[in-house]
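Trainee: Please put the model up, and I will ask about it piece by piece.

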Amino acid sequence: MKIGIVGLGLIGGSLGLDLRSQGHHIIGISRQEATCKTAIIKGIANQASTKYELLQDVEILIICTPIAAIAPTIQQLTPYLNPETIITDVGSVKQPIVEACSKLWPNFVGGHPMAGKAESGIDAVEANLFVGTAYVFTPTKQTKPKDVAKLKEIALSLKAVPHICDAQIHDRAVSWISHLPVMVSASLIKACLQEEPDTLQLAQILASSGFRDTSRVGGGNPELGVMMAKYNQEELLRSLHQYRDNLNLIINLIEQENWDNLEQILRTNGNARPNFLN
Ligand code: NAP
């Protein structure tokens, strides 16, 4: 199959690497010549260009740019496409993207591979990045079932697990397991930094695996965090408010020395946690 990939960073490049190794013909589009050269050298694409003309007969086109550039990129490249081309994206938020892009291209199907790592750009590209991870597609009433079937096939070929759901439900679920944890973890680091210097210094010396785990996502790429808040504002605020209610409940239990209820909450959480870990 001829597959186009626009944006040869971590996700776009890693998709190209795996799909090309399966024998698909990959056309990579980057804004920079140097990235195109790297894509060919690394085996990410069979052809790579800064021009959209190469995309004229691709069957599937995967947009792997930052969220803010997804709809504007589709708007720019549609004049070069065959009307049958299926366009999908990999953006971490779905509702605003699906709404904007479905208007630009009738064969648009939102997508979100739930894989990643802290590094970004073409140098961070990794083979088998999607193995064992969920790959979400968010079709609308207008989406053709055969288009979704084709995309599910692609996800399965990456050894990912395809999931079909509504874009808004996706954004709500992702807020709980990805966007809220970033804000909670960031608040943890910020609160620690407000401690007086001597104690803070000791805390930094004593910090070990527990703090490393709980602070990891809050100490990541600031642009990604802002993107989550900007494009998933409503769902993120909903989960943050519910989180704050739970924090207040725990504060009250500790103030009231209600150790039984506190223990019960912690016990319930301990039993529930494995359900979040695939
Ligand atoms: P990345 O490594 O920074 O790659 C994004 C690529 O998009 C850049 O390398 C660049 O490629 C291109 N690009 C950047 N700004 C652009 C602009 N203004 N207009 C057009 N193209 C632009 O980022 P990534 O982690 O692969 O993320 C890409 C998408 O995947 C995002 O929408 C993100 O929400 C989604 N996602 C990320 C993760 C994750 O953990 N990182 C996980 C799942 C989904 P060129 O230099 O080749 O043009």
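Trainee: Which strands does helix α1 lie across, and at about what angle does helix α1 run to β1?

Mentor: First the ground rules: residues are numbered from 1 along each chain as its sequence is written, and side-chain values use heavy atoms, without hydrogens or water. This is a predicted model, where local features need pLDDT of at least 70, side-chain atom pairs count only at pLDDT 80 or more, and totals for chains, interfaces and linings use all residues. Helices (H or I, at least four residues) and strands (E, at least two) are DSSP runs numbered from the N terminus; contact means heavy atoms within 4.5 Å, and angles run from 0 to 180 degrees between N-to-C directions of axes fitted to C-alpha atoms, for helices over the stretch in contact. Helix α1 (residues 10-21) lies across β1, β2, β4, β6 and β7, and its angle to β1 is about 165°.

Trainee: In what order do the strands of the open sheet of eight strands come?

Mentor: Two strands pair if DSSP finds at least two bridges between them. The pairing in this sheet is mixed. The strand order is β3-β2-β1-β4-β5-β6-β7-β8.

Trainee: Which are the edge strands?

Mentor: An edge strand here pairs on one side only. That applies to β3 (47-49) and β8 (161-164).

Trainee: Is H112 buried or exposed?

Mentor: H112 is found in strand β6, and its contacts beyond four places in sequence include D89, Y135 and H170. Buried means under 20% relative accessible area, exposed over 50%, and partly exposed in between (1.4 Å probe, protein chains only). At 7% relative accessibility, H112 is therefore buried.

Trainee: Which residue does K150 meet in a salt bridge?

Mentor: A salt bridge needs a side-chain nitrogen of Lys or Arg within 4 Å of a carboxyl oxygen of Asp or Glu. The N to O distance for this pair is 3.0 Å. K150 is in helix α5 and its partner is in the loop between β3 and β4, 91 residues apart. That partner is E59.

Trainee: Which residues make the nonpolar surface patch of about 420 Å²?

Mentor: Patches take residues with over 30% relative accessible area and no salt bridge, joining like charges within 9 Å and nonpolar side chains (Val, Leu, Ile, Met, Phe, Trp, Tyr) within 5 Å. Areas come from the Shrake-Rupley method with a 1.4 Å probe, and for residues only the protein chains shown count as cover. F276, in the segment after α11, is exposed at 59%. The patch is made by W176, I177, F276 and L277.
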